[in-house]
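Work through the exercises below with the structure open. Try each task before you read its solution.

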Amino acid sequence: MRVALLEVRDVRVQFGGIVALDELSFDVDTHQVCALIGPNGAGKTTLFNCVSRVYTPTRGTIRFLERELTRMEPHEVASAGVARTFQNIALFPKLSVLENVMCGAHSQSSVGPIRAMLGLGTASEERRLRDQARSLLARLSLETYADRLAAGLPYGTLKRIEIARSLASAPRLLLLDEPAAGLTHGEVDELAATLRGLREEFDLTIVLVEHHMGMVMGISDHVVVLDLGRKIAEGTPAEIARNERVIAAYLGTEV
Amino acid sequence: MASRRKWTSFAVAMLVLAWLAYVPQFYGQSELVPWSEALYFSIAALGLNLLTGYNGQISIGHGAFFGVGAYTTAILMEHNAWQFLPTLPIVIAVALVVGAAFGFPALRLKGLYLALITLGIAALFPDLVNRFASKYGTAGTSLIQPPRVLAPEWASGFAEADDQYRYYMLLVVGVVMLILAANLVRGRFGRALVAVRDHEAAASTLGVNIARVKVGAFAISAAYAAVAGSLSVLVNGSANAGKIEVFRQSILFLVAVVIGGTATVAGPVIGAYVVVFGQDFAKDIFDDKPELAPAVFGVLLVVLMYVLPDGIVGGWRRLIARRSRSDGLPPLPSASPAH
């Protein structure tokens, strides 16, 4: 039997009387790029927040590599192999770009406060993290920014830095929340090519929330469509493009 | 370039250290008191900076942790006849536990609310001391005066007088605490402190255990304050917890951190010296009207914060950045259009 990398089953998220996600089930296979689309408020980011344990689903299970994510603490998800980016950039503005990426490897490093104070093991670990961060920055053509603060740089650059930071935790699964938002046409094409390359290089599985249809249709293997917290369709990009319920949800007409 | 700057700051640090080591030879006994005060003040400010500067948790209650250290040392010396130095590990252990105990409730509080609660710690502490420590104090009060630490024979070469010897003890402990703090903020844990301060959700998805980092920061900073308190017994010859004094100290520690420059290694130390000598300076301006001193000191603080909003070290860094930009370094990468 085929086992999915990420298995979302009957997930329901309720905030008081508002149902943000309802009976949501879908699978993401290893090495797939899966796009999560839908109008604003459909529950896409809510699902990301469930996977990265910002929220706990009211009901349902989320299994990753056959481990139950909903029982993990938020900080355990990174070492389990899941990384994410945020819709609104969530870099640390007072750290340099390089330090931001080094921070991404927190789950891959171990020197705690006591050893740090005594200076035991810090130097070699820092060297390793710095080298790794530099090569990730180089991979995303960001090496010129390494020593700049991660604030006040162009939007597209910040988005790429966030991707570099998420890769530093050596993830199996990468969750990207609207990576193309605010990018120019040229940048979107570049990003799509970059993501395709990163998937091969780091053997990644990618789930992305995206409104940019060109990007979605261009790089996804699988598309899941949400509307008002429910899954209304799923399939290959070509199938989704001619699905009438999807068209209705986007254009607001009755089926 | 970066390594040249590193060597420059190392050289400056060595010069400052040499001067601080020379201070007891240069100044007489009474003039040495503020220099000793500035040393233990620096240690408390260093610790508070780890919590408030790097980790973003504001505390106006560290005067209480300072008191915990002072009383632990004073009681052990006075009633258990301990030497001074062996009390330090006990002080650190006690403060780590007490600090962590306050760090847990602090997990649920942020910003002004946390400041308010920690202010409560400072308000509560003198009452607690009066309730429990008065059986150790002189004449039923909470004032404890343990035997003074005297200069041993072997130190006569550099410290003939007892206060000189005590100053050197403070200096050594201070340098050790500074190195420990500098090491702490340099690596993974230091980045985690800042990450938690600036974006908790992002830090958590990167694998940072928010609760552990925050409680850890609280405990470590409490230990710094307690070591400072312990050393204050060395200087003042007593442990005391006046209501106003605990408040005043709590606030002055925070002032030292902010004036020197939050989230910098040298900032709180510089700030501590400014606070201690600024108050002396304020007293000297109007000798005949000592009641004006706090007002003069207040004006000094206002002016400093107006001129250097990100502290002395922050202002210095901006100056360096401006100079190196006009030095003909490559221009900053130009912004590409975002849309």
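Axes are lines fitted to C-alpha atoms, for helices over the stretch in contact, and angles run from 0 to 180 degrees between N-to-C directions. Helices are DSSP runs (H or I, at least four residues), numbered from the N terminus. This is a predicted model: local features need pLDDT of at least 70, side-chain atom pairs count only at pLDDT 80 or more, and totals for chains, interfaces and linings use all residues. Residues are numbered from 1 along each chain as its sequence is written, and chains are lettered from A in the order in which they are written.

**Exercise 1.** Describe how H10(B) and H11(B) pack.

Step 1. Find helix H10 (residues 243–260) and helix H11 (residues 267–285) of chain B. Their angle is about 120 degrees, and their axes are 7 Å apart.

Step 2. Classify the angle. Under 35 degrees is roughly parallel, over 145 roughly antiparallel, 65 to 115 roughly perpendicular, and the rest oblique. H10(B) and H11(B) are therefore oblique to each other.

Step 3. List the contact (C-beta atoms, placed from the backbone, within 7 Å). H10(B) contributes residues including Leu252(B) and Val255(B), and H11(B) residues including Ile270(B) and Val274(B).

**Exercise 2.** How many residues of chain A are in contact with chain B?

Solution. 38 residues of chain A meet 29 of chain B. H3(A) gives the most to this side of chain A, with four residues.

Key:
Contact = placed C-beta atoms within 7 Å. Helix = DSSP H or I, 4+ residues; strand = E, 2+ residues; numbered from the N terminus.
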